[in-house]
Amino acid sequence: MTLAVRPHPDPGRSAPRGADGGAGAAGPGAETPGTRGASSTPPRPRASPQRRRRRRRDAMLFGALIAPNLIAIIVFSYYPALYNIGLSVMEWDFVAPSPEFVGLENYVDLLTDPSFGQVLLNTLIFTGVSVVGSIVGGLLLGSLLATKVPLTGFAQTMAFAPHMLPGAAVGILWLFMFDPNYGLSRWAFSLVGAASPDWTTTSDWSLWAITIAYTWQRLGFVTVICYTAILDLPKDLYEAAALDGAHGGKLLRHLTLPLLNPIIVFLSITGIISAAQAFDIISIMTSGGPGVSSSTLSWMVYEEAFQKFDIGTASAAATVLLAILLVITYLQVRVGNRKANDDS
Amino acid sequence: MSSLTLNPDPASGTPVSSGASGTDHAVVGPRANRGRSRGPRRPRWVTGLLVAGVLTTIAVFLIPLFWLFSSSLKPHGEIYSWPLQWIPTSLTLENFTEAWNSAPFDRFFVNSIVTTGVGTFLEISLAILCAYAFVFVEFRFKKIAFALIIASLMLPGHVTLIVNYITVANLGWLNSYAGIILPGIASAFAMFLLYQYMRTIDRDILQAAEIDGAGHVRRMLTIVVPLSSPMILTATLIVMVGKWNEYIWPLIVTSTADMRTLPIGLLFLRSQEGYSNWGVIMAGAVFVSLPMLILFFLAQKRIIGGLAAGALK
């Protein structure tokens, strides 16, 4: 921004226009023009304090403008995340007057509990299948929708619609569809002459039931993002490549995928974060059961904290979740950056 | 490549220097230069295959949605007929009246509207103030502040759940609108969208206004906000959908039926009806979903465009 010397503003007009957020900040700044001679072109030594005042006023205004958001983020995101780590070395039930320090006991309990291994594995399967499935499917469907064929607009709309539904409604809809007697599952299996499994109430299938429902909801979103990204790819690059004789699979491998790499990294990071937090579908469809067969870390955090009131265990599980997500995000950003650099 | 390289880390990928012209960062509009033709003519069978693929795509997404609506409109009993009754023999609203009467859905609706409306208004207001500051106000530690806000996107909600519950309980906000709304008003995503958009605003207009003696507040309200209104609308829609669909937080922070929101009401309905009355439960799911679906069909370009802009930038 060019900080030209401002012509002397009409004081009557400018004074009340100070920043409301920084009322104190506006005061000195607003006075300046009045004290300064209007016609005299300020020499350097005089411009400097004015510039400094202005900078200070801007800083205070800046603070005032971002403060509400920043405070909300600190109070409701950073502070809870840190305090959660603190709670993970405590034992507490919400009721006792104060948490009791137990060191790493919660973590030891978690790691030695065989059902926690199951929960971790479930989280891994649920997240992995839904993220990989939605990205592979999304790239396929996205490139399909980016071709010039009829009905793509309608397909795009339909694909995105599940993303608009509340997870609770998606969960309840799929719960009904998976009903072995009255749901679409019975119909689908009857096409191949088989009986539908009892998806949500048997431990062999429950994890797959929630994974399929969640992937269905996520797939449309990913498809539409991929579709948009593919349509935004620079066409001249394709023309140049076509002139060089590249086509089909070669184009896909050497041009489209590298160009889409940043999007893929973005979709996998956000996909992992949201799959790891998926809760409503699980809560509605299986409540993590039967047993722990469809329990993920996010369900476990809720169950331990708000059904069993075991805050220490819940916080420890949440901290494990945080650690895993941070590591994965870090790795993805690193790999994504390196690949992007290699390819360019 | 360089023109398309997106740094997946938004904080470092977006230089905050306000001197940049910003034209190279034009936000992807819903239909920004979207040419479709590419390559030579296709053989006919390939086109056929592609159309079949598109139809399959539609089926994958449409069938469950169709099933939802069709089941909710079926007369009692038809839900359980075999072979499957895809299209109800007669359309009836009895599932809807029964669902409406078996739970305080009017109250759920009011709660959802209030919490979504107020929460969205607050979040978007914070996002506008914040984005304006990052684009138009000078400050030495801008980058750090920006990173601090954007990095909060990486914190999973489940990590903050327990402590936020304790905070809200200590403030005496359990089972209240304040308790449902306030922990959710912090904005990183909407702020980022608006930030990207405001960067493309022509600075000459603002400088002219400044020379005319307009302070920051006036410049924000009379120039930046109106010029950003397309993206503000988009961000509002996206934030609104998120709040309407929110499940876990209202679930733990409310405890009585009169404070529940619609998605939680669905759970309430299911525990009442068990697995015995799917038509009624599907009608409840339609109640919950319909407002956002209508919103989407009215404004899909904006919603998709906004989310794509968030993803592609």
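**Helices, contacts and burial**

Me: Is the crossing of α5(B) and α8(B) left-handed or right-handed?

Reply: Helices (H or I, at least four residues) and strands (E, at least two) are DSSP runs, numbered from the N terminus. A crossing is left-handed if the near helix is turned anticlockwise from the far one by less than a right angle, and right-handed if clockwise. By that rule, α5(B) and α8(B) have a crossing that is left-handed.

Me: What kind of model is this, and what pLDDT do local features need?

Reply: Residues are numbered from 1 along each chain as its sequence is written, chains are lettered from A and ligands numbered from 1 in the order in which they are written, and side-chain values use heavy atoms, with hydrogens and water left out. This is a predicted model: totals for chains, interfaces and linings use all residues, side-chain atom pairs count only at pLDDT 80 or more, and local features need pLDDT of at least 70.

Me: Which term describes the angle of α5(B) to α8(B)?

Reply: Axes are lines fitted to C-alpha atoms, for helices over the stretch in contact, and angles run from 0 to 180 degrees between N-to-C directions. Angles under 35 degrees count as roughly parallel, over 145 as roughly antiparallel, 65 to 115 as roughly perpendicular and the rest as oblique. Helix α5 (residues 142-151) and helix α8 (residues 189-198) of chain B have axes that come within 9 Å and cross at roughly 135°. The angle therefore makes α5(B), relative to α8(B), oblique.

Me: How many nonpolar residues are in the contact of α5(B) with α8(B)?

Reply: Contact means heavy atoms within 4.5 Å. On the α5(B) side are Phe146(B), Ile149(B) and Ile150(B), which meet Met191(B), Phe192(B) and Tyr195(B) in α8(B). Ala, Val, Leu, Ile, Met, Phe, Trp, Tyr, Cys and Pro count as nonpolar, Asp, Glu, Lys and Arg as charged, and the others, Gly among them, as polar. The contact of α5(B) with α8(B) has no polar and no charged residues, and its nonpolar residues number 6.

Me: How does α10(B) lie relative to α11(B)?

Reply: Two packed helices are described by the angle between their axes and the distance between the axes. Helix α10 (residues 216-227) and helix α11 (residues 229-245) of chain B pack with their axes 5 Å apart, at an angle of about 65°. That angle is why α10(B), relative to α11(B), is roughly perpendicular.

Me: How many nonpolar residues are in the contact of α6(A) with α2(B)?

Reply: Helix α6 (residues 152-164) of chain A packs with helix α2 (residues 44-72) of chain B at an angle of about 35°, with their axes 9 Å apart. The crossing of α6(A) and α2(B) is left-handed. Residues of α6(A) including Phe154(A) and Met158(A) meet residues of α2(B), among them Ile58(B) and Phe61(B). In the contact of α6(A) with α2(B), 1 residue is polar, none is charged, and the nonpolar ones number 11.

Me: Is Ile172(A) buried or exposed?

Reply: Ile172(A) is in helix α7 (residues 167-177) of chain A. Not counting residues up to four places away in sequence, Ile172(A) touches residues including Ile284(A), Leu266(B) and Trp278(B). Buried means under 20% relative accessible area, exposed over 50%, partly exposed in between (1.4 Å probe, protein chains only). The relative accessible area of Ile172(A) is 0%, so Ile172(A) is buried.

Me: What is the relative accessibility of Tyr79(A)?

Reply: Tyr79(A) lies in helix α3 (residues 44-87) of chain A. Beyond four places in sequence, Tyr79(A) touches Ile74(A), Val163(B) and Thr167(B). Tyr79(A) counts as partly exposed because its relative accessibility is 40%.

Me: What share of the 344 residues of chain A count as buried?

Reply: Chain A has 14 helices and 2 strands. Of its 344 residues, the share that count as buried is 51%.

Me: What share of the 313 residues of chain B count as buried?

Reply: Chain B comes to 14 helices and 0 strands. Of the 313 residues of chain B, the buried share is 53%.
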